[in-house]
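Take a look at the model shown here.

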Amino acid sequence: MTVPDTSTDLLARLADTLATRRPDRGGDPKTSYTAQLLSRGPDAFLKKIGEEATELVMAAKDGKPDRIVAETADLWFHCLVALTHFNLRPEDVLAELARREGLSGLEEKASRKQP
């Protein structure tokens, strides 16, 4: 399977579209699922993130590649909605992943500030 654009371009376009769905930017909850989620506040999209993560786990446990891909897409979408709510972009997440690239996961975790 090939993706027509770079993943970064696709994520940026999705983020741009989601931003237009914000109720404070004219998104209509009556006609847009994203606007509906955003208008209901964090509890609505955070619940969906939990549901989609659970569905991904179940698909992975069942070893069903097509369901794994579909549930991952659902999870990513709802995570993008969360980023939109908090005025963040996928580029912020990609920058963090780039910062971590080449680091041992154990080293990276140990370097995080403890609460």
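## Helix H4

In this predicted model, helix H4 has eight positions to look for first: Glu71, Leu75, His78, Leu80, Val81, Ala82, Leu83 and Thr84 are its buried residues. Which helices do the buried residues of H4 pack against? They pack against H1, H2, H3 and H5.

H4 runs from residue 65 to residue 85. The helix has 21 residues. Its first and last C-alpha atoms lie 30 Å apart, close to the 30 Å expected at 1.5 Å a residue.

## Helix H1

H1 covers residues 7-20. Its 14 residues should span 20 Å at 1.5 Å a residue. The end C-alpha atoms are 20 Å apart, so the span agrees with that value.

Five residues of H1 are buried: Leu11, Ala12, Ala15, Leu18 and Ala19. Where do they sit around the helix? Seen down the axis of H1, the buried residues fall within an arc of 125°, so they line one face of the helix. An α-helix has 3.6 residues a turn, so residues three or four places apart point the same way. The buried residues of H1 pack against H2, H4 and H5.

## Helix H2

H2 spans residues 33-40. Thr34, Ala35, Leu37 and Leu38 are its buried residues. Viewed down the axis of H2, they fall within an arc of 160°, so they too line one face of their helix. The buried residues of H2 pack against H1, H3 and H4.

Glu52 lies in helix H3, which covers residues 42-62. Is Glu52 buried or exposed? Its relative accessible area is 5%. The cut-off for buried is under 20%, so Glu52 is buried. Leaving aside neighbours within four places in sequence, Glu52 is in contact with Glu71, Asp74, Leu75 and His78. Glu71, Leu75 and His78 are among the buried residues of H4.

Thr54 is also placed in helix H3. Thr54 has 48% relative accessibility, so this residue counts as partly exposed. How far apart in space are Thr54 and Leu75? Their C-alpha atoms are 9.4 Å apart, and 21 residues separate the two in sequence.

## The loop between H4 and H5

Asn87 follows H4. Its place is in the loop between H4 and H5. Phi of Asn87 is near 55°, a positive value in a residue other than glycine. Is Asn87 buried or exposed? Its relative accessibility is 54%. Exposed means over 50%, so Asn87 counts as exposed.

Arg89 is placed in the loop between H4 and H5 as well. At 27% relative accessibility, Arg89 counts as partly exposed. Which residues does Arg89 touch, not counting residues up to four places away in sequence? They are Ala12, Ala15, Asp16 and Leu83. Ala12 and Ala15 are among the buried residues of H1, and Leu83 is one of those in H4. Arg89 and Lys113 are 24 residues apart along the chain. Their C-alpha atoms are separated by 23 Å.

## The second largest pocket

Now turn to an open space in the model. Rolling a probe the size of a water molecule over the atoms shows where empty space is left. The second largest pocket has a volume of about 240 Å³. Two elements give two or more residues to its lining: helix H4 (65-85) and helix H5 (90-100).

Which residues line this pocket? They are Leu11, Trp76, Cys79, Leu80, Leu83, Pro90, Val93, Leu94 and Leu97. By class, the lining has nine nonpolar, no polar and no charged residues. Some of these names have come up before. Leu11 is one of the buried residues of H1, while Leu80 and Leu83 are among those of H4.

## The whole chain

The chain has six helices and zero strands. Read along the sequence, the pattern is α-α-α-α-α-α. The C-alpha trace spans about 45 × 35 × 35 Å along its principal axes.

What share of the 115 residues counts as buried? The value is 25%. Contacts tell another part of the story. Among those between residues at least 6 apart in sequence, 46% join residues at least 24 apart.

How values were computed. Residues numbered from 1 in each chain as written. Predicted model: local features only at pLDDT ≥ 70, side-chain atom pairs only at ≥ 80, totals over all residues. Heavy atoms only, no water. 1 Å grid on protein atoms, 1.4 Å probe; cavity = no way out; pocket = protein on both sides within 12 Å on 5 of 7 lines; lining within 4 Å. Points joined across faces, edges and corners; volume = space filled by probe spheres on them. Helix = DSSP H or I, 4+ residues; strand = E, 2+ residues; numbered from the N terminus. Nonpolar A, V, L, I, M, F, W, Y, C, P; charged D, E, K, R; others polar. Buried < 20%, exposed > 50% of the residue type's maximum accessible area, 1.4 Å probe, protein only. Contact = heavy atoms within 4.5 Å. Expected span 1.5 Å × (residues − 1). Arc of directions from axis to C-beta.
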